[in-house]
Amino acid sequence: MNDYSTPKTDPSSPRPQSTIPETGLPPEQHPTYEENKRDFKHSGPGIASFIIALITLIGYIIAFVVVGVRSTSLVNGSDSFIADSAESIFYLGLSVLILAAFNVIGGVLGIIGLTLRKRRKVFAVIGTTINAVFLLVFMLIISTVLVNAGSV
């Protein structure tokens with residue numbers, strides 16, 4: 001007899017059921033689970049909201065640094081102090097308004113990302129939070145300026 005021959009099985013005996021190796025249970029008895037959270041994709045609007053939040057953060061930093069540098073050069077001895085400072089304040093105000101508009105867009109995209117089903121919501125939560133904080137700070141600054149404008 002050849003050592004490499006296949007073993008003979010009895011055709012009248014029932015075939016053994018295959019089992020799932022992890023549980024040892026037949027496929028009919030294998031517990032079914034809902035989709036695993038780790039299998040979900042990230043939400044596109046959530047990622048966009050997060051990226052907009054990062055871009056506006058960088059934009060705010062750049063705007064305040066540029067205006068700070070221009071203001072210090074004005075203080076160090078310029079004769080046209082009022083005209084140059086007004087221009088710096090104008091550019092700061094314009095850049096803050098534009099960046100606040102981007103924060104509104106980012107907040108809306110974050111909320112859309114939070115409402116999508118079967119998607120990860122990590123970037124949507126982070127993006128919505130950062131955009132909301134920037135908008136709250138912006139509104140706080142505006143309200144402070146408006147309150148102090150009447151006291152001058």
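Biologist: What share of the contacts in the protein chain with a separation of 6 or more comes from residues 24 or more positions apart?
Modeller: This is a predicted model. Among contacts in the protein chain with a separation of 6 or more, the part made by residues 24 or more positions apart is 71%.

Biologist: In what order do helices and strands follow one another along the protein chain?
Modeller: The protein chain has three helices and two strands. Read along the sequence, their pattern is β-α-α-β-α.

Biologist: Where in the protein chain is confidence highest?
Modeller: The mean pLDDT of the protein chain is 80, and 66% of its residues reach 70 or more. Confidence is lowest in strand 1, residues 41–42, at a mean of 86. The highest value, 91, belongs to helix 3.

Biologist: Which side chain makes a polar contact with the side chain of N131?
Modeller: The polar contact runs from side chain to side chain at 3.3 Å, and the partner of N131 is S49.

Biologist: With which side chain does the side chain of N103 make a polar contact?
Modeller: N103 lies in helix 2 and is buried, with a relative accessible area of 0%. Not counting residues up to four places away in sequence, N103 touches T56, Y60, N131, F134 and L135. The polar contact of its side chain, at 2.9 Å, is with the side chain of Y60.

Biologist: What separates the C-alpha atoms of G46 and L114?
Modeller: G46 lies in helix 1, residues 44–75, and is buried at a relative accessible area of 0%. Beyond residues up to four places away in sequence, G46 touches L109, G113, F123 and A124. G46 and L114 are 68 residues apart along the chain, and their C-alpha atoms are separated by 7.1 Å.

Biologist: How far from a polar atom of the side chain of S43 does the backbone nitrogen of G46 lie?
Modeller: S43 is in the loop between strand 1 and helix 1, whereas G46 lies in helix 1. The backbone nitrogen of G46 and the polar side-chain atom of S43 lie apart by 3.2 Å.

Biologist: How far apart in space are S43 and R117, C-alpha to C-alpha?
Modeller: S43 counts as buried at 1% relative accessibility. Leaving out residues up to four places away in sequence, S43 touches G113, L116, R119, R120 and A124. S43 and R117 are 74 residues apart in sequence, and in space their C-alpha distance is 9.0 Å.

Biologist: Why can L94 be called partly exposed?
Modeller: L94 lies in helix 2, residues 81–115. Together with F90, Y91, I98, F102 and I105, L94 makes a nonpolar surface patch of about 580 Å². Buried means under 20% and exposed over 50%, so L94 is partly exposed because its relative accessible area is 39%.

Biologist: What percentage of the accessible surface of the protein chain belongs to carbon and sulfur atoms?
Modeller: Of the 152 residues of the protein chain, 22% count as buried. The accessible surface comes to about 11600 Å², and the part belonging to carbon and sulfur atoms is 69%.

Methods: Residues are numbered from 1 along each chain as its sequence is written. Side-chain values use heavy atoms; hydrogens and water are left out. Helices (H or I, at least four residues) and strands (E, at least two) are DSSP runs, numbered from the N terminus. Buried means under 20% relative accessible area, exposed over 50%, partly exposed in between (1.4 Å probe, protein chains only). Contact means heavy atoms within 4.5 Å. Accessible areas come from the Shrake-Rupley method with a 1.4 Å probe; for residues, only the protein chains shown count as cover. Patches are made of residues with over 30% relative accessible area and no salt bridge: like charges are joined within 9 Å, nonpolar side chains (Val, Leu, Ile, Met, Phe, Trp, Tyr) within 5 Å. A salt bridge is a side-chain nitrogen of Lys or Arg within 4 Å of a carboxyl oxygen of Asp or Glu. pLDDT is the predictor's confidence in each residue, from 0 to 100. A polar contact is a pair of N or O atoms within 3.5 Å; within protein, one must be able to donate a hydrogen and the other to accept it, and residues adjacent in sequence count only if both atoms are side-chain atoms.
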